[in-house]
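Welcome! Please take a look at the structure below, and then we will walk through a few of its features together.

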Amino acid sequence: MHFTALTLMLGLLWPVVPPPPEVLRGWQPPAGPYAPGHRGVDLAAPPDTPVLAPAAGTVTFAGPVGGRGVLTLTLPGTGVPPLRTTFSPVTPLVAKGAQVEPGTPIARVAPGTHCLETCLHWGLLRGDVYLNPLVLIRRAPSRLLPTGG
């Protein structure tokens with residue numbers, strides 16, 4: 001399924017408010033599965049900021065990974081394998097298996113060492129392939145302005 005169709009179908013929301021949050025670090029795809037890169041985006045968010053479900057889904061993981069709290073939300077109806085969004089560092093508010101609707105508080109941003117400032121790292125995967133989560137956000141259409149005065 002094409003990402004534009006997914007965006008319209010899912011109506012994805014920003015996982016932190018106010019929308020749109022400042023993107024502190026963008027997505028930098030790795031050259032290979034073990035190569036360096038940034039496998040998501042970092043959104044400005046102070047500690048204890050609520051993390052909201054950007055779409056309806058099932059919590060398929062909520063717990064620590066490498067000393068950081070992580071939550072994974074699997075999005076039904078997004079193809080095979082389905083898309084999964086990940087959030088870290090967080091303190092999960094819902095347990096594995098929970099069904100959530102868009103805008104449901106699913107976690108709180110935890111202090112961590114991922115960013116120089118506290119942030120929410122938001123990832124997107126299909127199977128083992130990392131994708132840019134920003135492609136799923138509805139953005140206002142671009143407008144071209146005349147040059148010159």
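Is Arg-108 buried, partly exposed or exposed? Arg-108 counts as partly exposed, because its relative accessibility is 33% and that class lies between buried (under 20% relative accessible area) and exposed (over 50%), using a 1.4 Å probe and protein chains only. This is a predicted model, where local features need pLDDT of at least 70, side-chain atom pairs count only at pLDDT 80 or more, and totals for chains, interfaces and linings use all residues. Residues are numbered from 1 along each chain as its sequence is written, and side-chain values use heavy atoms, with hydrogens and water left out.

**Around Arg-108**
- Arg-108 belongs to strand β9, residues 105–109 (strands are DSSP runs of E, at least two residues, numbered from the N terminus).
- Val-51 is 57 residues away from Arg-108 in sequence, yet their C-alpha atoms are 5.4 Å apart in space.
- Beyond neighbours within four places in sequence, Arg-108 has contacts (heavy atoms within 4.5 Å) that include Asp-48, Val-51, Pro-89 and Leu-93.
- At 2.4 Å, the side chain of Arg-108 reaches the backbone oxygen of Asp-48.

**Around Ser-88**
- Ser-88 sits in strand β6 and is buried, with a relative accessible area of 11%.
- Not counting residues up to four places away in sequence, Ser-88 touches Gly-69, Val-70, Cys-119, Leu-120 and His-121.

Notes
Helix = DSSP H or I, 4+ residues; strand = E, 2+ residues; numbered from the N terminus. Polar contact = N/O pair within 3.5 Å; in protein donor to acceptor, adjacent residues only side chain to side chain.
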